[in-house]
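Hello,

Here is the structure for your files.

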Amino acid sequence: MDDGTKRTLTQLARLYGIAAAYRDSAGRLRQASPHALLAVLGALGAPVSSAADLPDALRRRRLELWRRCCDPVAVCRAGEKPALELRLEAGRCNGQIICRLEPEAGEPLQWTCAPDHLPVMKTEKIDGEEYTARRMLLPVGLPLGYHRLIIRLPGGICETRLISAPARAHTLPTGSSRLWGVFAPLYALRSEGSWAAGSVTDLEALNNWVSSLGGKITGTLPLLACYLEEPFEPSPYSPVSRLFWNEFYLDAALIPELENCPPARELLNSRAFRAEIETLRRAPLVDYRRGMAVKRKVLELLARCCYAGQSARLEELRRWAAQNPTAEDYARFRAAVSRQGCTWDKWPKRMQSGDLQPGDYDLETERYHLYVQWVAHRQFGGLAARARANGPGLYLDFPLGVHWGGYDVWRGQDLFAAGAACGAPPDQLNAGGQNWEFPPLRPGKLREQGYRYYIECLRHHLRHAGVLRLDHVAGLHRLFWIPAGRPAEEGVYVHYPHEEFYAILALESRRHRTVLVGEDLGTVPGSVRAAMSRHGLKGMYVLPFEFKSPSRKGLHPVPAGSLACLNTHDMPPFASFWRDSKPAGRAALAGFLRRRGFLKTRPGNVQAVLKACYRYLAAGRAGIVLINLEDLWLETAPQNIPGTGPEKPNWRRKARRSIEDLHRMPGILKTLKEIDRLRKRSK
């Protein structure tokens, strides 16, 4: 490819938000290959298949952007008068612009203005035609919310969604900004009443235990619907949908249908069923297939009993379904997956395109999936409401992506890029980069639909979470796209309209009174953390990552208001980290803690160092200190090892201690009570 063609390629990439180069974790400049740029351009919908298409594609993209008279989305701050950029052909600036504002609540407002009276921002000539961009200031400020603006121009009509947002996301009330809580994957929780894994009841029991000790937050991994039969993908970060819960975590004993459903009670009381449950409970690893099969037998019977009569419960289910039509659509999709026995990309063309007919799925299976989502809505909703009565309550996780063969991608095929996958570039830990194997959202399509899908996914979590962790928060700014069939090291960055994301996050978090935490670990540009701070998102402080360099004689200070912890689900537990650290590193950390007065004993005692680390975090300026439950008994096995597959027990290992054990472990109780005391001490 000659230099002129490369320049054209770079210009076209820029107009689609693609970075032709980026700096890696070592600060080296990495140039994207022409092949990668062409592939990602194609995934974004650009009309290119080879270098020969570039000149015409560049011309068409420039025309497309100029002929779009206004952006589909614009952001303003509550009370401010929004300013829009209008793009017009220079010869069509006569006449009048008629504007109609339809607010989220209240009466519409209409006004007119003359385009030639608006100030010019920029001009460009394409194919002999001159275009001009002009600045239009709306005559009124807007209340918080999503508003529709329709603009009739001399050359046509356009529409934009105005997001009027607060400057910052929700924050904790004054006086309650030094909280602590405990984290544990729900699948790992064990109790005397659990089946193959933890349930809603176990999560509530953990939350009640934490609350009794002064903690205000109970955190866990994503609880979203996953494929646990055929197809099979148990990772909580590859859900079927970000809009629906995983029925694997339901507590069948809490479902009201059980009282009047003899077949279900008979099954639960049978010797064979009790033996199966006992086997699953005693297993050290979660058997998702077997556990889901057992729970589904009971849930199917309860669903049949619910649908068998004309009870008040059935009427309630029908009202809920009518209010949530997406749930019915999801249930049909899951029923079709069961009938076809494969992901939707292998279905007949009509079904692939989103058209499902009654003969494409079993009615009873559709009813099952609708029923369990309704039950999950009630059980998770009840748990969240009770947890919020004593503070923020649940700390949930909002995953970055979804399974490529799941419901969200099937229903929103135009939103997702079929020819690429998300991942991470090469760094010190992964020399070849990472491919996360889920399709990225197309930024232009997100904007065209006014972020409807993103808002729906966000609300699904915010209704239940007092604190929400945003997985890979840098993805609000840019995502690393890997062309299909290529290694991760050949990926390129695609930029996203981050200010629009932040406006939505600030608005929705305020409405739901939810604190937002951005997972900002690893290689994250300084501009991302600056934007997080500006918009009120909390960053993460993970102690093993915070050694000062090059001397390693201390730790970076804990940022005020951040979430502080010793590890994440993708890291070794503290005891393992300490065991595998170099002697110099252990000595440096122990020396720092001793100088600060948090460590009194010799550094060889890992439990003493663990407690000292938590004392340091608890006494500091973090807004939230999150304790990994398994660290309290010095667990050494990780829950997940990034970059590995079925050869490791990722997302499967159960906790060695049960919830009942926690009440009988005075050492753990003493540690948490000290953390509570330090958190409540005024600074």
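Predicted model: local features only at pLDDT ≥ 70, side-chain atom pairs only at ≥ 80, totals over all residues.

Residues are numbered from 1 along each chain as its sequence is written, and side-chain values use heavy atoms, with hydrogens and water left out.

Helices here are DSSP runs of H or I with at least four residues, numbered from the N terminus. Axes are lines fitted to C-alpha atoms over the stretch in contact, and angles run from 0 to 180 degrees between N-to-C directions.

Helix α1 (residues 3-15) packs on helix α2 (residues 34-43) with the axes 11 Å apart and an angle of about 40°. That makes α1 oblique to α2 (oblique is what remains after under 35 degrees, roughly parallel, over 145, roughly antiparallel, and 65 to 115, roughly perpendicular). Their crossing is left-handed (near helix turned anticlockwise from the far one by less than a right angle; clockwise is right-handed). Leu9, Leu12 and Ala13 of α1 meet Pro34, Leu37, Leu38 and Leu41 of α2, contact meaning heavy atoms within 4.5 Å. Seven of these residues are nonpolar, with no polar and no charged ones (Ala, Val, Leu, Ile, Met, Phe, Trp, Tyr, Cys and Pro count as nonpolar, Asp, Glu, Lys and Arg as charged, the others, Gly among them, as polar).

The axes of helix α9 (residues 325-340) and helix α11 (residues 363-388) come within 8 Å and cross at roughly 135°. This pair is therefore oblique as well, and α9 passes α11 in a right-handed crossing. The contact includes Tyr330 and Arg334 of α9 and His369 and Leu370 of α11. Its residues divide into five nonpolar, four polar and four charged.

Regards

Conventions:
Helix = DSSP H or I, 4+ residues; strand = E, 2+ residues; numbered from the N terminus.
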